[in-house]
Amino acid sequence: MARAKPDKNKVHALRLPDQRRLDAATKKLFAKFVEKIGFVPNVFRSYTLRPARLELFRSYNNELMLGDSGLTKLEREMIAVVVSSVNHCHYCLVAHGAAVRVLSGDAHLGDQLAANYRAAELPSRQRAMLDFVWKLSETPAAIEESDRAALRRAKFSDEDIFDIAEVAAFYAASNRLASAGEAKPNPEYYDMGR
């Protein structure tokens, strides 16, 4: 039996609304994406199914990834990659792996984190953070005081620990949404930071 060829133009397994019929606010937001980064990330296209939630998702994402925190933007992106590695989320591994490459200036780091963060040469602070993230993502009920104590020894404050957990939880949810709809990574992500 011949296998069907994948449709390279298909960005999602769910039937998304025709882009020409989107509401004005969504069209305006998508135009900003194109102006700023050259494309509309497919994860945001997913939210055309529930446009009232699109701005909430974007705002929350921006606050987590860009808002006040003891974590750097790079560390937050590293968390997104490691959570996505645990969950085998194709979209997020590619998209956030690209962000790690760009932010770190290291063409290999995003791929190393995606394949096995333990193989990457990381400062002890980031290693402790990612050990916690892996355990929280893989076996959340197994988190105990010794895990938080390891983060404190790595000089993370309790606010930082909360931020680590919140970013990890956000991407666990994002992974499930992207995987449920089989969101495809935008082709542009593959070449970023290389």
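1. Rings of Phe, Tyr and Trp, the last taken by its six-membered ring, are counted here as a pair if their centres lie within 6.5 Å. In this structure, which is a predicted model, that rule gives a count of 10 aromatic pairs.

2. One of these pairs is formed by Phe 57 and Phe 170, whose ring centres are 5.6 Å apart and whose planes meet at 25°, so the pair is stacked, given that planes under 30 degrees apart count as stacked. Phe 57 is buried, at a relative accessible area of 10%, and Phe 170 is buried at 9%.

3. Phe 170 also pairs with Tyr 171, where the centres are 4.9 Å apart and the planes stand at 85°, so this pair is edge-to-face. Both Phe 170 and Tyr 171 are buried, and both belong to one aromatic cluster, which also holds Phe 30, Phe 33, Phe 44, Tyr 47, Phe 57 and Tyr 60.

4. Turning to helix 6 (residues 109–116), its buried residues are Leu 109, Gly 110, Leu 113 and Ala 114. These residues lie on the same side of helix 6, because they cover an arc of only 135° around the axis. The partners against which the buried residues of helix 6 pack are helix 4 (73–87), helix 5 (90–104) and helix 7 (124–138).

5. A further point concerns a charge and a ring: Arg 118 lies over the face of Trp 134, at 5.2 Å from the ring centre.

Terms used
Residues numbered from 1 in each chain as written. Predicted model: local features only at pLDDT ≥ 70, side-chain atom pairs only at ≥ 80, totals over all residues. Heavy atoms only, no water. Buried < 20%, exposed > 50% of the residue type's maximum accessible area, 1.4 Å probe, protein only. Helix = DSSP H or I, 4+ residues; strand = E, 2+ residues; numbered from the N terminus. Arc of directions from axis to C-beta. Contact = heavy atoms within 4.5 Å. Phe/Tyr/Trp six-rings, centres within 6.5 Å; stacked < 30°, edge-to-face > 60°. Lys NZ or Arg CZ within 6 Å of the ring centre and 35° of its normal.
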